[in-house]
Amino acid sequence: MDAHGLLTQIPLFKSLAPQDLAELAELLREQKVKKGEVLFRKGSEGTTLYIIKEGAIKIVLPSRLGEEMIVTIFTEGDFFGEMALLDEMPRSADAVAVEPSRLLLLNRSDFLRYLHRNDGAMVTILSSLSKRLRKTDDLLEDTSFLNIPARFAKKLIELGDTFGRKEGDKMEISLRLTQKDLADMVGATRESINKELRILREKGLVTLTEKAIQINDVNRLRRRVR
């Protein structure tokens, strides 16, 4: 899909008239990134809005001790990097490619000019920021009040809802994630997640392959969250 076609499917840009949409598409430049490649680091200058054309990008909060927390994973059609463009502050997290990805980049001046001319786009930005703030609140709440088995079960279900293919009471998560990625998502160690995966396999709740995690019984897994 070309840049123009992708923009027509993204809520942020749906308020644009066809001519404005075509003009905006001309301003975008494409970037390809490899799995594991860093787009930006926390504290770096933010001059670009990113739109995912293909692939997946994780947003990571690093600590001074070398530990990480994956806040979210964005996939095709998602945009990110807008906070630094709006407040002109440094990047608030790292952005790293989960898999080979193709991105569309829009620089700050073009992005701000676009927002000034489109009230609908500003409403979409505010709605997006609100949803992401709520998601961060949910992450903090889960870390504070749920144990690791419950947090991990909940995260698997969320990944299945977002990236999975559902068939009956089964879901297949085709996004390739390491045990460290899964640990960083729930605020646990890799060893803890290895133990949880072993338990879930023994109970018949999940099946692991080289390419996917298959949830065999969503309802049973959901009961581990309660």
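## Basis of the description

Residues are numbered from 1 along each chain as its sequence is written, and the side-chain values use heavy atoms, with hydrogens and water left out. Because the model is predicted, local features need a pLDDT of at least 70 and side-chain atom pairs count only at pLDDT 80 or more, whereas totals for chains, interfaces and linings use all residues.

## Aromatic pairs and charges over rings

Rings of Phe, Tyr and Trp (its six-membered ring) are taken as a pair if their centres lie within 6.5 Å, with planes under 30 degrees apart called stacked, over 60 edge-to-face and the rest tilted. The count under this rule is four aromatic pairs. One of them is the tilted pair of phenylalanine 40 and tyrosine 50, at 5.8 Å centre to centre and with 40° between the planes. Phenylalanine 40 belongs to strand S2 (residues 38-40) and tyrosine 50 to strand S3 (residues 48-62), so this pair ties together parts that are 10 residues apart in sequence; helices (H or I, at least four residues) and strands (E, at least two) are DSSP runs numbered from the N terminus. Both partners are buried, phenylalanine 40 at a relative accessible area of 10% and tyrosine 50 at 7%, where buried means under 20%, exposed over 50% and partly exposed in between (1.4 Å probe, protein chains only).

Tyrosine 50 also forms a stacked pair with phenylalanine 80, at 5.1 Å centre to centre and with 5° between the planes. This pair links distant parts of the chain, since tyrosine 50 is in strand S3 and phenylalanine 80 is in strand S5 (residues 79-80), 30 residues apart. Phenylalanine 80 is buried, with a relative accessibility of 1%. Phe40, Tyr50, Phe74 and Phe80 together make up one aromatic cluster.

The charged end of arginine 91 sits over phenylalanine 40, 4.2 Å from the ring centre, and arginine 132 lies over the face of phenylalanine 79, at 5.0 Å from the ring centre.

## Helix H7 and aspartate 181

Six of the eight residues of helix H7 (residues 179-186) are buried, so the helix is largely enclosed by the rest of the structure. These buried residues are Asp181, Leu182, Ala183, Asp184, Met185 and Val186. The elements covering them include S3, strand S4 (68-75), helix H5 (119-145), helix H6 (148-163), helix H8 (190-202) and strand S10 (213-215). Glycine 187, with a positive phi near 70°, follows H7.

Aspartate 181 has a relative accessibility of 9% and counts as buried. Its side chain is joined to that of lysine 58 by a polar contact of 2.8 Å, a term for a pair of N or O atoms within 3.5 Å of which, within protein, one must be able to donate a hydrogen and the other to accept it, residues adjacent in sequence counting only if both atoms are side-chain atoms. Not counting residues up to four places away in sequence, aspartate 181 touches Lys58 and Ile70, contact meaning heavy atoms within 4.5 Å.

## Nonpolar cores

A nonpolar core is a set of buried Ala, Val, Leu, Ile, Met, Phe, Trp, Tyr and Cys residues joined through side-chain atoms within 4.5 Å. In the largest, which has 29 residues, those touching the most other members are Ile73, Leu156, Leu175, Leu177, Leu182, Ile193 and Leu221. S3, S4, H6, S8, H7, H8, S10 and H9 each supply at least two residues of this core, and the largest share, six residues, comes from H6.

Leaving aside neighbours within four places in sequence, leucine 182 is in contact with Phe152, Leu159, Leu177, Ile193, Leu197 and Ile213. A second, separate core of 22 residues includes Ala3, Leu6, Leu21 and Ile51.

## Two exposed residues

Glutamate 88 is in the loop between helix H3 (82-87) and strand S6 (94-107) and counts as exposed at 57% relative accessibility. Glutamate 88 has a positive phi of about 60° although it is not a glycine.

Arginine 226, in the segment after helix H9 (218-223), is exposed with a relative accessible area of 75%.

Definitions and conventions: Lys NZ or Arg CZ within 6 Å of the ring centre and 35° of its normal.
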